[in-house]
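This report looks at helix packing and at pockets in one protein model. Please examine the structure shown here before reading on.

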Amino acid sequence: AKADGIHHVVVLGMGGSSLAPEVFQHGFGNQPGYPALMVLDSTHPAAIRSIEGKIDLARTLFLVSSKSGTTTETNSFFYYFWDKLKQLKAEPGEHFVAITDPGTPLEKLAGERKFRAVFSAPEDIGGRYSALTVFGLVPAALIGLNVGDILKRARHMREASAGSVPEPENPGLVLGAALAELTLAKRDKITFLCSPSLTALPAWIEQLIAESTGKDRKGIVPVAGEKLGAPEKYGSDRAFVYLRYESDENHELDRQVAGLEANDHPVLRIEIIEKTDLAQEFFRWELAIAAAGSALGIHPFNQPDVQLAKDLATKAM
C-alpha cells in the first residue's frame, strides 16, 4: 500500500472493529511515508462527508471490517464508497480490503469484487476482544507500526497473567477483582482519567466493559470522556481509573487525582511507560473484564442486547 502511493486508510466498521485502530493511530500516529488512518463508525451524513472531504479517493484504501460480514452500517459505507470509486475506475476492488470471519457474506463479496486482500479473523473471539487480532493489527501495520513489537508486549502481559501466577500477583485478575468488588460495593460507575497521549483508549475500554457486563440487570457503567468535576460532586457510587503515560505533562491530572483520593474516592492507577505498553493494556483489560464478569455472575462473552439492537436496526431498515 505504501509503495502504491496510498495516502489514507479508512476503516469502515462499528464498535469492536473500529475502536482499537483509533487507539493505534492516536497513540502512535502513522510512521513517516505511511498512510494516515481514519475511522468511519457513524452513519450520520456529516460524518461521512467529513471523511470524504479529507481524502483523495484514488489514493485511499478502505478496510471493510465486520466480524459477521453482515453489519448494516458497514455494508452501507462500503456501497457508498464503491459507487464513488466506480466513477473513477472500472475495477475499484484494489481500493478495498475485507477483515471478517471465514465464510461470511463479506468474504464472498470480496471475492466477487476482486478486493485487494481478505484477512480472516479467529471465529471464537468476539469483536470487542479482537484488538490483538487482524481487526487491530492490519490497520496498525498499514500505518507503519511494528506488529512484532506490539505482540511481544502483549505476550509479556499474557505471561504475567498466566494461570500459574498466584492470583494476588496476576495483573489481569487483580484488576478484574477490583472492578467486580467495587461494583458489588455499589461503586459501579467507573470514570476514566488519562494522559493526553492515551485519550483514545478509554473509548475502547468503555465498549469492552459495557457490552461484556451490561446484562441480567447487572453490570459496570463505564464513563469515558467526562469533564472532571470537583471531588465533592461525586457520590459513593463512583470509582476512577487513572491511565497515566509517563512522558506526558500530568501535573494537573496528578493534582486532581490526589484530590479524589483525599475525598475517599477509590482510584485504580495504571502506569504506562512506553507507547507499546498499550498492547499490554489490551490484554490486561480483556482478561480483567472476563474475570469481573465471572465474579459478578454474568457471562462476559455473550451480547444479547447488542444482538437485539442489531436485529431491530435491520428490521427498521
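## Helix 6 against helix 10

Helix 6 passes helix 10 in a right-handed crossing, a crossing being right-handed if the near helix is turned clockwise from the far one by less than a right angle, and left-handed if anticlockwise. The model is a predicted one, in which local features need pLDDT of at least 70 and side-chain atom pairs count only at pLDDT 80 or more, whereas totals for chains, interfaces and linings use all residues. Residues are numbered from 1 along each chain as its sequence is written, and side-chain values use heavy atoms, with hydrogens and water left out.

The axes of helix 6 (residues 147–160) and helix 10 (residues 277–296) cross at roughly 45° and come within 7 Å; helices here are DSSP runs (H or I, at least four residues), numbered from the N terminus, and axes are lines fitted to C-alpha atoms over the stretch in contact, with angles running from 0 to 180 degrees between N-to-C directions. The two helices are therefore oblique to each other, the term for angles that are not under 35 degrees (roughly parallel), over 145 (roughly antiparallel) or 65 to 115 (roughly perpendicular).

## Helix 7 against helix 10

The axes of helix 7 (residues 171–184) and helix 10 come within 7 Å and cross at roughly 45°, which makes helix 7 oblique to helix 10. Their crossing is right-handed. Residues of helix 7 in the contact include Leu 175, Leu 179 and Leu 184, and those of helix 10 include Trp 285, Leu 287 and Ile 289. The contact of helix 7 with helix 10 divides into 14 nonpolar, three polar and one charged residues.

## The largest pocket

A pocket is an open set of points on a 1 Å grid over the protein atoms alone, where a 1.4 Å probe fits, with protein on both sides within 12 Å along at least five of seven lines; its lining residues have an atom within 4 Å of a point. The largest pocket is lined by 27 residues, with Met 14, Thr 71, Gln 303, Val 306 and Lys 310 nearest its centre. Helix 11 gives the largest share of this lining, seven residues.

Definitions and conventions: Contact means heavy atoms within 4.5 Å. Ala, Val, Leu, Ile, Met, Phe, Trp, Tyr, Cys and Pro count as nonpolar, Asp, Glu, Lys and Arg as charged, and the others, Gly among them, as polar.
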